[in-house]
Amino acid sequence: MPSRINPSILSADFVNFESEFRTLETADLIHIDVMDNHFVPNLTFGLPMVSRMQQITPKPLDIHLMIDSADRWAPGYAEIGAYSVTFHAEAAEDAVALARTLRSIGSRAGLALKPGTPVEQYLELLPEFDQILIMTVEPGFGGQALIEHTLEKVRATRRKIDAEQLDVWLQVDGGIDESNIERVAEAGADTFVAGSAVFKSSDRAHQISKLRDLANLGFSHSH
Ligand code: DX5
Ligand code: ZN
């Protein structure tokens, strides 16, 4: 299974998204962090900006909603044609109903968990989703160090996905770089968000393929 590398534009130049997107042509999806300054202590952009991003890049967008009232706001992102919409379990009233709504509009549905949220109670819900996002840092800011204990949740989720042969992507987000991506893949992740690790590089295409190669190596060790 080839690993996916999704650069996070949280580390991009916010007034030059068009040229920044052009540097990400070899990415699998582009990860878009929507923050409301309530669910997380940081603010980025909302639906009108994401709608324009959708128009200026042919890449599928991987929307990560770090916002309260996900039930109210997430469907709008599916309606503009976003390829994937991930909301936080901690911010949704009815995660399953919301996932069904997102899928019925035509997007992939993703469920995100903060580092302190146990995964066990959500494992039974996985067939309702196309992706689970195990946050490997506290959501809100780029450039933080990976929290080691979150990898236990990645392992538990991988066991469940494999045991039931579920078609669910296992995404990790936060603190992923060339020093740790191989062992995070070994723990079971197949979809990797990388913000600072991609944007710090002057040759982003090279950096993306390096991260993907290391992840594929880690995955091959675990199977
Ligand atoms: C953090 C965001 C991440 C962030 C990751 O809350 O969800 O997507 O951009 O940045 P790095 O890869 O620098 O940790
Ligand atoms: Zn994110």
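Q: Under what relative accessible area does a residue count as buried, and over what value as exposed?
A: The calculation uses a 1.4 Å probe and protein chains only. Exposed means over 50% relative accessible area, partly exposed lies in between, and buried means under 20%.

Q: What kind of model is this, and what pLDDT do local features need?
A: The model is predicted, and side-chain atom pairs count only at pLDDT 80 or more, while local features need pLDDT of at least 70. Residues are numbered from 1 along each chain as its sequence is written.

Q: Which residues of helix α4 are buried?
A: Helices are DSSP runs of H or I with at least four residues, and strands are runs of E with at least two, numbered from the N terminus. Helix α4 spans residues 95–105. Its buried residues are Ala95, Val96, Leu98, Ala99 and Leu102.

Q: Against which elements do the buried residues of α4 pack?
A: The face turned away from the buried side of α4 carries the exposed residues Arg100 and Ser104. Contact means heavy atoms within 4.5 Å. The buried residues pack against α3, β4 and β5 (108–113).

Q: Which strands are the edge strands of the open sheet?
A: The sheet has eight strands with parallel pairing, in the order β1-β8-β7-β6-β5-β4-β3-β2. Two strands pair if DSSP finds at least two bridges between them. The strands that pair on one side only are β1 (4–7) and β2 (30–35).

Notes. Chains lettered and ligands numbered in written order. Heavy atoms only, no water.
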